[in-house]
Amino acid sequence: MLNVYSFSIAFSILFLLVTLELVRKSKLLEKYSLLWIFFGFVMLILSSTPYFIERIARLLEIKYAPSVLFLLGFVYLIIFSLNMTTVFSKQSQKITTLTQEIAILKEKLEHEEKENQR
Amino acid sequence: MGKQKVLVIIPAYNEEKSIGNVLARIKENADADILVINDGSSDATFKEALKAGVRVISLPFNLGIGGAMQTGYRFARDQGYDIAVQVDADGQHDPVYLNAMITKILDEQYDMVIGSRYISDTSYRSTFTRRIGMIIFSWIVYILTDYDIKDTTSGFRAVNRKVIEFFASNYPSDYPEVDVLVKLFKKNYRVCEIPVEMLNRESGKSSITPLKSVYYMIKVSMALIINSLRSGEAT
């Protein structure tokens, strides 16, 4: 039967396969895939063994146990977005430095050419 | 003392109307090399600056004032300059003061000298929001560092070799003027202000519109506070 758990299981498996395929085709760098693979496994384990979900639900006083899945997914997305912005920030710093160095080099080259022509 | 190599760095973004005149006036007033950083201008800033016979580094796209100035400091570091002076391209900063600023660094061993428009009675008039902003920034800098700087956002500044090297590897990209002051004070660099008259800009408008000024203030204040949490750590 199709319920939120079986859907979750199917989705987790599909998700893991797609992630691995992206890594295999080098469309996703290994270091960025780790968080996703980890996420896929956690979701797979949680949805295939409702025991954990129900324990967590009781602990957090959540009446409808499967909503723990949504909560986890949501929290994970927020963490991942934060992680992404740190990656962007680092990249934007690197791009700035590259831009500066290239501009300096280019000017130096043109300047030397001009000197030589004299 | 041997001859000091001085570089005047002029960050320029769409300043084709004023840049030529600014460069001519700098040449009249100072014995220094001049470097224009053309920060991705879409107008003829590059051509106008080249026409004046100075070196021009053209960034392929707009990096903003921080990224542009850092380019200049990197150049100054690589070419072995002893002193670098930042002068705006819009004609606000009167090159008449260049020698006074440079002398101050050489004779009194300051690490940075700021051309300040508020330190004495100058005829400079600024908008109300700007004045309030200046007072708030001064106050924040004072609280964070115990140093009293009147014109914290002035872009008219001269620095020595030590600071050139520091800036070359370490310069904030957004709204750097105030931020940098706090950083320098934390590292015990010596900073002073000398009074200057600011001229009315020859062309263009301030990059800070009234609408943006509140956002500007919040952003700079946040950056300052976050920076101060970072104190002591390696930069």
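**Note on strands of chain B and helices of chain A**

1. B:Val6 has B:Ile83 as its bridge partner in strand E4 of chain B. The model is predicted, and local features need pLDDT of at least 70, side-chain atom pairs count only at pLDDT 80 or more, while totals for chains, interfaces and linings use all residues. Residues are numbered from 1 along each chain as its sequence is written, chains are lettered from A and ligands numbered from 1 in the order in which they are written, and side-chain values use heavy atoms, with hydrogens and water left out.

2. Chain B contains 8 helices and 7 strands. These are DSSP runs numbered from the N terminus, with helices (H or I) of at least four residues and strands (E) of at least two. Of its 235 residues, 53% count as buried, where buried means under 20% relative accessible area, exposed over 50%, and partly exposed in between, with a 1.4 Å probe and protein chains only. Contact means heavy atoms within 4.5 Å. Among contacts in chain B between residues at least 6 apart in sequence, 76% join residues at least 24 apart.

3. Strand E4 of chain B covers residues 83-86. It pairs with strand E1 (residues 6-12) in the parallel sense over 4 bridges; two strands pair if DSSP finds at least two bridges between them. Strand E6 (residues 157-160) runs antiparallel to E4(B), and 4 bridges join them. In E6(B), B:Ala158 is the bridge partner of B:Val85.

4. In a regular strand the side chains alternate between the two faces of the sheet. In E4(B), B:Ile83 and B:Val85 point one way and B:Ala84 and B:Gln86 the other way. All four are buried.

5. B:Asp88 sits in the loop between E4 and helix H4 (98-108) of chain B. Is this residue buried or exposed? B:Asp88 has a relative accessible area of 18%, so it counts as buried. Leaving aside neighbours within four places in sequence, B:Asp88 is in contact with B:Ile10, B:Pro11, B:Val22, B:His93 and B:Gly155. Its C-alpha atom is separated by 9.9 Å from that of B:Tyr13, 75 residues away along the chain.

6. In chain A, A:Ser33 belongs to helix H2. Its relative accessible area is 2%, which means that A:Ser33 is buried. A polar atom of the A:Ser33 side chain lies 2.7 Å from the backbone oxygen of A:Glu30. Neighbours within four places in sequence aside, A:Ser33 is in contact with A:Thr19, A:Val23 and A:Leu28.

7. Two packed helices are described by the angle between their axes and the distance between the axes. Axes are lines fitted to C-alpha atoms, for helices over the stretch in contact, and angles run from 0 to 180 degrees between N-to-C directions. The axes of H2(A) (residues 30-48) and H3(A) (residues 50-60) come within 4 Å and cross at roughly 90 degrees. H2(A) is therefore roughly perpendicular to H3(A). Angles under 35 degrees count as roughly parallel, over 145 as roughly antiparallel, 65 to 115 as roughly perpendicular and the rest as oblique. A:Ile45, A:Leu46, A:Ser47 and A:Ser48 of H2(A) make the contact with A:Pro50, A:Phe52 and A:Ile53 of H3(A).

8. H3(A) packs with H4(A) (residues 67-117) at an angle of about 85 degrees, with the axes 9 Å apart. H3(A) is therefore roughly perpendicular to H4(A). Here A:Ile53, A:Ile56, A:Ala57 and A:Leu60 of H3(A) meet A:Val68, A:Leu69 and A:Leu71 of H4(A).

Terms used
Polar contact = N/O pair within 3.5 Å; in protein donor to acceptor, adjacent residues only side chain to side chain.
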